[in-house]
Every structure is written in C-alpha cells, then in structure tokens.
Amino acid sequence: MTMAMTTEPTEKYSAQTALPYSPAELGAFHRFHAYDWDKDEDFQSGVRTIASQAQSTPSFSETLKMKQYYFSTRLNTRINLDNYLAWRKHLEQPTDDPNIHIFKRFDQYDFDNDVKFQQGLPSFIGQLIKEGKNTLDKAALQKEITKAKAFYYARFIELFDFPAYLTWKDMEKSQAAPACPYAHLWQNKGKGTGNDLSEDSQKFLTTTPPVSTGALQVHIHSPATQNKLTGVRLAKISQSIADVKEKKSITSVFWTANTGQSTKDERDPESEIVTKDEKWFSGGVVGSGITSEGDSAANKELLRQYYSLVDQLSTLSTKHDKPVVSVIDGIVTLSAAYLAFGTGGQRVITENATLAFTPLLSIEPSANQVTNAFAGLYLLSQIQSAAASEVRPLPKGVGHYLAFCPDYILRGPDLKKLGLADFFISSSKKKDIEEAILSVAGCPPPHTTQAIRMALNAEVVYPGPAKIDVWKSEIQECFGEANSVEDIVSNLERYSNSWSKSIREYIASLDPVMAKLLFKGIVDASKLESFREVAQLEYRLSQRYSEYLATKLSGESVDKNIDSFFAPLDEEKEIFTFPFAEWLQAHQDQDIEATTSSEADSTSAVPSDHPKIPGVDFSDPEAIKSCPFLSAKKTETGAPTHPPSDHPAIPGVDFSDPEAMKACPFLSAKKTEPAVAPVVAEAPKSNGTMPSDHPQIPGVDFSDPEAIKACPFLSAKSRE
C-alpha cells in the first residue's frame with residue numbers, strides 16, 4: 001500500500017533517540033523520575049525539618065539535591081544530576097509542535113465505528129494474505145494495520161507525518177517502559193478478559209452485528225446457571241444466526257461466553273498448587289424436569305435441537321466460508337461439547353478450558369442432563385481417525401482410551417494435541433483476541449478464515465506438555481491393537497499399576513452391552529466422513545440403548561445382539577431440521593431459568609417477604625446471588641446454634657458443641673419446624689448516601705459502605 005502523506009523532516013525526533021547513557025543509568029533515571037516523593041513520609045519530614053531550620057522553602061535545585069542524597073542513601077541508587085537533567089530535557093516535547101496534537105488525535109480516532117474505513121479494511125487484509133503475510137507476529141501485524149489506518153487518516157481526515165508518528169510512538173513507549181529488562185516476563189500485558197457483559201435478567205444472549213462488514217458477535221452470559229443450554233436457549237442461539245449465510249455484510253460468527261469470576265482464595269505459598277475448575281463455558285444441554293411419561297419424547301426433541309444447531313454452525317464454516325470462532329474459557333460438559341469443539345470453525349481455548357469423556361468425581365452431574373449415553377462420539381471418532389492415519393502424532397487406539405479412562409480431564413495441552421482446539425491463549429488476553437479478530441473479520445470470503453487465523457497466530461502461546469504423552473506407549477499397546485473390549489481388559493492385565501487398575505475397574509462398572517456398543521461405535525464412526533453421518537449413528541445408538549434399558553428394567557427379555565443397535569432409524573433423518581422459529585414462538589414465554597432451578601443455589605428461591613426493588617428482576621439468579629437481604633436470611637434458615645428448650649437432656653453429651661448438634665436425630669426431626677425465631681431487624685442506619693425510598697432490609701446495616709456497594713437497589717437507582 002502506498003502512503004500518500006506529507007513527509008516533513010523528522011531529524012528532531014530521530015536525534016532525540018540517541019542518548020549516551022547505559023541501560024542501567026537509564027533505568028535509574030526512570031525510577032528516580034517516577035518515584036512518589038509526596039507519599040514518602042520520611043523524605044517529606046526531612047524536607048520540613050530543613051525548611052524550618054532555614055526558615056525558607058527549598059529551591060528546585062536544593063530539593064533535587066535532597067532527592068539525590070535520599071535516593072543514594074536510602075535506596076542505594078546513585079544519580080548523576082547533570083545527566084539526569086539532560087535526560088529529563090529529552091523527555092519534554094515542545095508543546096507548540098502541531099505534530100504532537102495531530103499524533104494524539106490519530107491515536108484517539110474511532111476507526112471501529114468509521115463505516116468507510118471498515119468497508120476498505122477487507123481489501124487491505126486480503127492484500128496481506130496475497131503477499132504471503134498471513135503468519136506475521138503480533139507486532140508486525142499491528143504495524144501493518146496501523147499503516148492502513150494512517151493511510152486512511154491522512155487521505156480523508158488530515159495530513160500528518162507518518163514516519164515522524166512512528167518515531168514519536170517509540171519514544172512514548174520507551175518513556176513508559178519499566179527499568180527492569182525482564183519486565184515482559186512478569187507484567188500482564190493483556191487488556192482484560194474480554195466481553196464479559198454484566199448479567200441481564202431479560203437476556204441470556206447478546207448479539208452485536210458488524211458496523212459495516214465483519215463478524216456477528218454472539219455472547220451468552222448466564223454463569224449463574226453454568227451457561228446450561230435449555231431448548232429455549234438453543235432456539236434463541238439458532239435464531240440469532242439464522243440469516244448469517246444470506247447476509248453478505250456478515251463474514252463470520254464470533255462466539256464467546258461469560259464463564260463467571262474466579263473465587264480462588266489467596267494461596268498459601270507453602271501449600272501444594274491445586275487447579276480449581278470453576279468457570280463454565282457450558283454446563284451441558286438440559287431438559288425441563290418433565291414427568292417420566294414424557295421423558296422419551298422430550299429427550300428426542302432436545303437432541304434434535306442440539307444436533308440441528310451444531311449442524312447449522314458447521315454448515316456456516318464448511319459450506320458458506322463463514323467461520324465460527326469460539327473462545328472457550330471454562331468447563332465444557334460432554335452433552336454440549338460439539339458446540340464448543342465440533343462446529344468445524346476456529347476453536348480458541350484458554351488455560352480454563354476442560355473436557356472429559358467419562359464422568360468426573362469432582363463434578364456432580366446435573367439431574368436433568370439430556371440422556372445420551374454416546375455423547376461425544378463424533379469427537380472420539382475424529383481423534384481415533386487422526387491417530388490411525390498418522391495425521392497427528394497420537395498413539396493408535398487413543399479414542400478408545402479416552403472413552404474408557406475414568407476421571408480424566410483434558411486441559412489445554414491435551415485439547416490442542418488431540419486436535420480439539422486450534423489456538424491456545426492466556427485468559428488474560430481474551431480482550432486482545434477479541435480486538436484482533438474483529439479488526440480483520442471484515443475480510444470477505446474466501447479469505448476470511450485466513451485473515452482470522454493470521455490474527456490468532458499473532459497471539460498464541462505454548463500450552464505446555466500434553467499429559468497423554470506420559471502413557472503413549474501403554475495406550476498404543478493396550479488399545480491400539482484391541483479388537484474388542486475384552487482385548488483391552490486382557491492387554492491392561494499385563495500392567496500391575498494404578499493406571500491399568502482404574503481403567504479395568506471402570507470398564508467392569510459399565511453395562512457390558514453399553515461398553516461393547518461404545519467400542520464398536522468409535523470404530524464405525526471413525527470410518528465416516530461428515531458430522532451428520534456420525535450424529536445419526538450417535539442418535540440411533542442412544543435411542544436403541546434407552547429402549548434396551550427400559551425393556552430390561554421392565555423384566556422382559558432383551559435382544560443383546562450388538563449389530564441390531566446399528567440399524568438405521570427412520571426418525572434420524574429429521575435430527576438436523578428442527579423448526580426453531582415455530583417452536584420458539586410457542587415457547588417464548590417459558591422461563592429459561594426455571595429449567596435449571598434444581599441445579600441453582602439455595603438462594604435462588606426468593607422468599608415471600610423479599611422487599612420490592614425498583615429496576616431489579618429477581619428472576620435472574622445473579623441478582624439473587626448479590627442481594628444482601630438473602631444473605632441476612634441465611635441466619636434465619638441456617639442450622640440452630642443452640643438446642644431448643646424441649647430438647648431432651650442426654651447424659652455425657654455437650655450440646656454447646658455444633659458437631660454434637662449436627663449429629664442429633666432429635667434436631668433432624670425438628671427440621672420441619674422453624675429452626676429459630678425470625679430475626680427482628682432495626683431500621684437501617686443512614687450515612688447520608690442512601691435515598692429516602694430505600695427498602696427496609698432485615699439484618700443489613702447500610703451504614704456499612706460495603707453493604708451499600710453490594711445493594712442492587714442503589715445500582716438500579718444509578719441507572720434511573
């Protein structure tokens with residue numbers, strides 16, 4: 001791209017960059033210059049003492065010498081004042097230089113919302129790809145985009161000297177840089193965790209179309225429900241992307257989720273480092289807790305919705321050249337795994353992303369998860385196929401290993417190695433990733449995917465070694481040559497370690513028919529080519545196995561012929577054509593939170609005496625969680641702190657001990673009665689910051705600023 005801009009002399013900028021000081025001396029100048037003298041009480045006390053004795057205020061030169069002496073004696077850093085003053089003069093740019101004002105206006109210009117610039121950006125990105133610059137590092141990519149912005153700004157806004165701007169920008173960075181030469185190793189240079197919108201009780205989903213041409217942003221935000229996907233939620237996601245394939249202005253879909261905030265306490269430096277999985281990309285596909293008579297029909301409907309949405313997303317990437325970019329920053333439950341890892345798009349994971357193909361001891365399964373005994377078959381078949389064809393350096397049989405290895409959590413390194421993720425980034429860089437993707441997503445098909453990959457490649461980091469490599473040879477030996485589940489068990493018996501024992505015990509705990517179906521299902525699915533083919537196989541196995549279990553439980557004789565389970569079903573042809581629009585219209589009044597009420601925290605039920613708070617909808621679990629009233633109610637509903645008056649005397653038992661009370665069968669029987677008398681609260685104290693119409697909340701003292709800060713009423717008032 002040719003830069004049609006003015007080129008005034010830049011000697012004064014380049015001349016200032018050559019200073020005759022060592023890096024150590026420059027670092028000392030930075031520390032001396034940035035030191036907060038006003039807050040150093042020892043230094044200020046010394047200055048006051050000297051001023052009192054001299055009966056005059058020290059001059060600038062005298063104060064500077066005091067600082068030099070203090071820095072040398074107290075902080076053990078010598079400063080050459082002549083050199084420091086010369087360096088300081090170098091920092092001071094002339095305020096009358098008009099270039100500086102133009103440079104700052106250029107930095108502040110809103111390119112994101114300039115329609116004309118956004119319309120021209122795709123051709124620039126396409127040119128980079130044609131020139132083979134699709135593997136630029138982050139700094140080089142940013143420089144190329146800055147060039148495009150400068151060209152546009154100079155042509156349509158105001159002329160300015162771009163080479164001089166680059167020199168000025170480098171000087172700004174050097175002045176702001178820390179003295180430590182290794183600062184890049186410990187400083188968090190990310191811009192935050194990205195588009196984690198505050199909870200909106202009226203919306204589970206937020207979509208943002210591009211200004212002109214670019215990515216449709218789809219953001220789900222219900223961490224209070226672990227972002228679980230009900231039928232209504234699946235339908236809303238489907239409707240939000242329904243017209244993407246027809247709209248030329250939308251080149252891609254950028255899918256993110258608010259996975260919640262970490263509640264990790266400050267770790268004792270002497271304690272063992274333990275990973276705490278508490279962020280949720282999705283807690284799975286869940287039903288609405290209907291009666292057992294309707295479970296089969298409702299379950300089939302939910303599976304149809306799930307497969308239809310996955311197919312809808314996959315089609316965008318594979319048939320319309322409109323990639324789906326997913327940023328996965330939390331736990332993915334297996335029943336929703338295809339939405340994260342199976343859409344055929346660009347899958348970006350962080351250190352918080354996890355997946356497991358077998359039940360986990362650390363996570364209690366939801367009671368209303370969609371029933372699918374063969375969930376994840378498509379991903380397992382893809383892994384198995386990649387290992388068999390040596391597309392990836394994986395041990396043969398790894399698909400079967402993942403299906404039968406108990407309590408095995410796949411994290412970043414394993415997800416990347418197995419081919420379930422394309423890019424690994426730090427969660428602190430989510431905002432950087434968002435900006436990078438949106439800045440290049442305007443590039444039209446067929447170059448959109450390459451442009452997005454170019455932006456993502458500039459941000460990736462090494463995820464670390466994969467845990468699966470530890471057992472690579474054992475997996476190859478035990479699973480690679482096995483032709484049946486019995487072969488796997490026989491091969492595992494050669495090893496007398498806990499790894500072998502745990503897998504054998506898990507296989508033994510499975511229904512033998514289920515284990516055989518899973519083994520054969522992975523073998524057959526790995527030979528299929530498309531998601532649709534594998535999903536149909538998964539669906540028929542799931543339905544036939546459910547029928548088998550129902551027949552077995554009824555006491556009737558069952559057909560254990562494994563091949564019969566694989567015969568196609570007529571209904572499986574309809575699993576990709578769910579009528580979301582019509583269905584959603586009939587169910588649009590359904591409360592999306594009600595379907596997960598059994599999973600919610602005990603505070604999700606609003607008591608009848610809850611005060612009315614303007615502007616706050618307590619059907620939202622996040623609003624309930626932050627309510628100070630419900631925190632106060634915990635003291636009313638909690639376990640009794642002393643035995644009731646009618647408690648029998650038991651010799652030798654001290655009921656002032658809470659543990660003794662907890663074990664008492666009498667108190668267990670008393671649970672149906674009120675545990676303690678209701679708390680009678682005083683009127684809340686006012687500190688002058690509360691409005692007169694603030695509701696009375698029992699047990700909460702609003703003279704405490706922290707209580708006021710947490711109050712949703714005051715948050716609502718600030719918006720009115």
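The legends below describe close-up views of a predicted model.

**View 1. The protein chain as a whole, built from 30 helices and eight strands.** Of the 720 residues in the protein chain of this predicted model, 46% count as buried. Among the contacts in the protein chain with a separation of 6 or more, 73% are accounted for by residues 24 or more positions apart.

**View 2. The open sheet, whose six strands follow the order β1-β2-β3-β5-β7-β8.** The pairing within this sheet is mixed. The edges are taken by β1 (205–208) and β8 (423–424), each of which has a single partner strand, so that one side of each is left without a neighbour in the sheet. Strand β2 (residues 214–220) and strand β3 (residues 250–257) run parallel and are joined by seven bridges, and within this pair Val-218 has Trp-255 of β3 as its bridge partner.

**View 3. Strand β7 (346–349) and its two parallel pairings, with β5 and with β8.** Four bridges connect β5 to β7, where Val-325 stands opposite Gln-346 of β7. On the pairing with β8, two bridges are found, and Ile-349 stands opposite Phe-424 of β8. Gln-346 and Val-348 point one way from β7, whereas Arg-347 and Ile-349 point the other way, and all of these residues are buried. Arg-347 is buried because its relative accessible area falls under 20%.

**View 4. Helices α17 and α18 lying across strands of the sheet.** Helix α17 (residues 430–440) lies across β2, β3 and β5 (324–328), and its direction is at about 170 degrees to that of β3. Helix α18 (residues 448–457) lies across β3, β5, β7 and β8, and runs at about 15 degrees to β7.

**View 5. The packing of helix α22 (residues 512–525) against helix α23 (residues 531–553).** The axes of these two helices are 11 Å apart and meet at an angle of about 170 degrees, which makes α22 roughly antiparallel to α23. The crossing in which α22 passes α23 is right-handed. From α22, the residues Val-513, Met-514, Leu-517, Gly-521, Asp-524 and Ala-525 meet Val-534, Leu-537, Leu-541, Tyr-545 and Tyr-548 of α23. Sorted by class, the residues of this contact between α22 and α23 comprise nine nonpolar, one polar and one charged.

**View 6. Val-558, placed in the loop between α23 and α24 (580–587).** Val-558 has a relative accessible area of 26% and is therefore partly exposed. When neighbours within four places in sequence are left aside, Val-558 is in contact with Tyr-548, Thr-551 and Lys-552. Tyr-548, which also belongs to the residues of α23 that meet α22, is 10 residues from Val-558 in sequence and 6.7 Å away in space, C-alpha to C-alpha.

**View 7. The crossing of helix α3 (residues 41–54) and helix α4 (residues 60–74).** The axes of α3 and α4 come within 11 Å and cross at roughly 135 degrees, and the two helices are therefore oblique to each other. The crossing is right-handed. Asp-42, Phe-43, Val-47 and Ile-50 of α3 make the contact together with Met-66, Lys-67, Tyr-70 and Arg-74 of α4. The contact of α3 with α4 is made up, by class, of five nonpolar and three charged residues, with no polar residue.

Conventions:
Residues numbered from 1 in each chain as written. Predicted model: local features only at pLDDT ≥ 70, side-chain atom pairs only at ≥ 80, totals over all residues. Heavy atoms only, no water. Axes fitted to C-alpha atoms, helices over the stretch in contact; angles between N-to-C directions. Parallel < 35°, antiparallel > 145°, perpendicular 65-115°, else oblique. Left-handed = near helix turned anticlockwise from the far one by under 90°. Contact = heavy atoms within 4.5 Å. Nonpolar A, V, L, I, M, F, W, Y, C, P; charged D, E, K, R; others polar. Pairing = 2+ DSSP bridges. Buried < 20%, exposed > 50% of the residue type's maximum accessible area, 1.4 Å probe, protein only.
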